[in-house]
Amino acid sequence: MNITGIIAEYNPFHSGHAYHIQKAREISGADYIVAVMSPDFVQRGEPAVFDKYTRTRAALLGGADLVLELPVLYACASAEYFALGAAALLDGLGAVDSLCFGSETPSLSLFLQSAKILEEEPEAYRRALQKGLRQGLTYPQARAGALAGHIPDRFFSSPNNILGVEYCRALRRLSSSIKPLPLQRLGSGYHDSSLKEGFCSATALRRGLAKGQSSQSLLPYVPEKCRQVFSGACRHPVFPDDLMPWLTRQLLIRTDFTDIFDVTADLSDRLVNLSCSLIGKSWEQTVAAVKTRQMTEARIRRVLLHILLNIRQDLADECRVQGTVFYARILGFRKKAGPLLRQLKKSSRLPLLTKPAAAAGQLSGAGPDMLDLDFRVSHLYRSILTSRYGLPFKSEYQMGPLILP
């Protein structure tokens, strides 16, 4: 049995994602595609525009055989940590043969070379990195500059290439047998916000939804099998500004943020000093106000989300020490994937979670705390859907995997 993994957010699922699944199956010869998908909050430090079950349904209709939830601790973290959590989940299944990821560059050797440099940190690289940091560059800028002496220019300027390198780096750290497979992207770039013929970006679709474009005008960019799901979800999208009441409360009641994941003492002081001036601002205005020259906007977004969701540094530290991920929660699968599920039940080193109410009893170490965090943040997301759109509130304990024909 040949199994290929994909790591994705599907925020929202579009035709480019369906193409990725199709080509991943072709180039790997996979019998089954397993997608590790971000939950209700995503890596750029925002809520997903559609909830995780809607995106799971679209992914299954779009070609995936099984969708697993990436724990929110990793889903809302830096590229390095995001990749490590997702790769560890795939590796923990004990049966995945390859990991296929989209990239601007199809050369596997460049990804492997970059991953090796970042892990081994040769002297020339370390000197160039420190020089860039002393010049006031952000860490990502300094790292890209340090790598420029070893790999072609602009390779590390693409978000997809950066993630691809981190996937290779994570597999290397895990001593995993999973083979990385880069697949060259077609159509719009990752950050392209314009709707064009062919494949558009998820960014462009989110921008269209935020501007109030009709679902009908966006359907050409969604696979035909997924259009009904997309149209229904367009009636209740979630955007970053929907988080502001919860973030405002945390900014007002806290006098210290250093217990929060990825918050330094200096950043904590800055947040405390700015807290009152941030009241009444939008999400984007808040990010802009907190940002400094040394901190990227992406990091600020993630930090604000960590504060809002109470993602603690001690939990992140525990997970690093104890084993990265502790379970594989199934969000949905196709009925035809029965043989895949039977194989994973035999091979997986991680508990396969299908019944939330019984899940905690299957876990050890930091696993229960990680799962509790996943449940709490999904409840927050669902409370937004209830308060803003009047949708019935459902606890995670009431939810089971989606099963499609």
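**Figure 1. The largest pocket of this predicted model is lined by 39 residues.** Ser78, Pro140, Thr296, Ala298 and Arg302 lie nearest the centre of the largest pocket. The space in the pocket comes to about 1300 Å³. By class, the lining holds 15 nonpolar, ten polar and 14 charged residues.

**Figure 2. The second largest cavity has a volume of about 70 Å³.** The model has three cavities of 30 Å³ or more. Rolling a probe the size of a water molecule over the atoms shows where empty space is left. The lining of the second largest cavity is made up of Tyr10, Pro12, Phe13, Phe50, Thr54, Arg55, Ala58, Val222, Cys226, Val229 and Phe230. Helix 2 (52–61) and helix 11 (227–233) are the elements that give two or more residues to this lining. Helix 2 gives the most, with three residues. Nine of the lining residues are nonpolar, one is polar and one is charged.

**Figure 3. A cis peptide bond joins asparagine 11 and proline 12.** Omega for this bond is about 0 degrees. Most peptide bonds are trans. Proline 12 sits in the loop between strand 1 (3–8) and helix 1 (15–28). Pro12 is also one of the residues that line the second largest cavity.

**Figure 4. Glutamate 121 has a positive phi.** The angle is about 45 degrees, although glutamate 121 is not a glycine. Most residues other than glycine have a negative phi. Glutamate 121 is found in the loop between helix 5 (108–120) and helix 6 (123–134). Is this residue buried or partly exposed? Its relative accessibility is 28%, so glutamate 121 counts as partly exposed.

**Figure 5. Aspartate 262 also has a positive phi.** Here phi is near 75 degrees, again in a residue other than glycine. Aspartate 262 lies in the loop between helix 12 (244–253) and helix 13. Its relative accessible area is 28%, so aspartate 262 is partly exposed.

**Figure 6. Leu252, Ile253 and Ile279 form a nonpolar patch on the surface.** Together, the three residues have about 280 Å² of accessible area. Where does isoleucine 279 lie? Isoleucine 279 belongs to the loop between helix 13 (265–274) and helix 14 (283–290). With a relative accessible area of 38%, isoleucine 279 is partly exposed.

Key:
Residues numbered from 1 in each chain as written. Predicted model: local features only at pLDDT ≥ 70, side-chain atom pairs only at ≥ 80, totals over all residues. Heavy atoms only, no water. 1 Å grid on protein atoms, 1.4 Å probe; cavity = no way out; pocket = protein on both sides within 12 Å on 5 of 7 lines; lining within 4 Å. Points joined across faces, edges and corners; volume = space filled by probe spheres on them. Helix = DSSP H or I, 4+ residues; strand = E, 2+ residues; numbered from the N terminus. Nonpolar A, V, L, I, M, F, W, Y, C, P; charged D, E, K, R; others polar. Patch = residues over 30% accessible without salt bridge, like charges linked within 9 Å, V, L, I, M, F, W, Y side chains within 5 Å. Areas by Shrake-Rupley, 256 points an atom, 1.4 Å probe, with all protein chains shown as cover. Salt bridge = Lys/Arg side-chain N within 4 Å of Asp/Glu carboxyl O. Buried < 20%, exposed > 50% of the residue type's maximum accessible area, 1.4 Å probe, protein only.
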